[in-house]
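User: Hi! I'm new to protein models and would like to learn how to read one. Could you walk me through it?

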Amino acid sequence: MDPYATLASLLCPLLTLITFGYLITCAIWPFGPCRRCHGTGKHRAPYGKAFRLCYRCDGTGRRIRIGRHVWNEIRREHRNGTHR
């Protein structure tokens with residue numbers, strides 16, 4: 001057996017497992033911490049005294065995960081295509 005075939009036969013199940021794990025994560029926890037404010041919902045001023053609400057998450061500190069966003073789009077397309 002060729003070494004590239006062996007490597008491919010090991011990587012394919014691993015990548016499949018990682019993908020399904022991420023899908024399960026997106027189903028259970030659809031929201032993750034905002035990357036801009038690190039989940040606090042606040043954005044500090046340059047000198048650190050004043051703060052305002054984060055503009056990316058509107059002060060919630062949460063954002064929808066990319067995988068969940070894709071899942072929602074797929075479901076929306078399916079729903080719009082099957083209803084008359």
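Analyst: Happy to! Let's begin with a term: a residue is buried under 20% relative accessible area, exposed over 50%, and partly exposed in between (1.4 Å probe, protein chains only). This is a predicted model, where local features need pLDDT of at least 70 and side-chain atom pairs count only at pLDDT 80 or more, while totals for chains, interfaces and linings use all residues. Residues are numbered from 1 along each chain as its sequence is written, and side-chain values use heavy atoms, with hydrogens and water left out.

User: What is pLDDT, and what is its mean for the protein chain?

Analyst: pLDDT is the predictor's confidence in each residue, from 0 to 100. Where it is low, the predicted coordinates should not be read in detail. Here the protein chain has a mean pLDDT of 89, with 98% of its residues at 70 or more. Helices (H or I, at least four residues) and strands (E, at least two) are DSSP runs, numbered from the N terminus.

User: How many salt bridges are there?

Analyst: First the idea: side chains of opposite charge can pair when their charged atoms come close. A salt bridge is a side-chain nitrogen of Lys or Arg within 4 Å of a carboxyl oxygen of Asp or Glu. By this rule the count is one salt bridge. R76 forms a salt bridge with E73, and their closest N and O atoms are 2.6 Å apart.

User: Where do R76 and E73 sit in helix α2, and is R76 buried or exposed, or in between?

Analyst: They are separated by about one helical turn, because they are three residues apart in helix α2 (residues 66-82). R76 counts as partly exposed because its relative accessibility is 35%, and E73 is partly exposed too, with a relative accessible area of 33%.

User: Which residues form the nonpolar patch on the surface?

Analyst: Patches are made of residues with over 30% relative accessible area and no salt bridge; like charges are joined within 9 Å, and nonpolar side chains (Val, Leu, Ile, Met, Phe, Trp, Tyr) within 5 Å. Accessible areas come from the Shrake-Rupley method with a 1.4 Å probe, and for residues only the protein chains shown count as cover. In this model L7, L11, L14, L15 and I18 form a nonpolar patch with about 470 Å² of accessible area together. One of them, L15, lies in helix α1 (residues 3-28) and counts as exposed because its relative accessibility is 52%.

User: Which charged residue lies over the face of F51?

Analyst: A charge sits over a ring if NZ of Lys or CZ of Arg is within 6 Å of the ring centre and within 35 degrees of the ring normal. K42 lies over the face of F51, at 4.7 Å from the ring centre.

User: Which residues have a positive phi although they are not glycine?

Analyst: Most residues other than glycine have a negative phi. Two cases to look at are H38, with a positive phi of about 60°, and D58, also with a positive phi of about 60°. H38 is in the loop between β1 and β2, and D58 is in the loop between β3 (51-53) and β4 (62-64). H38 counts as exposed because its relative accessibility is 65%, and D58 is exposed with a relative accessible area of 60%.
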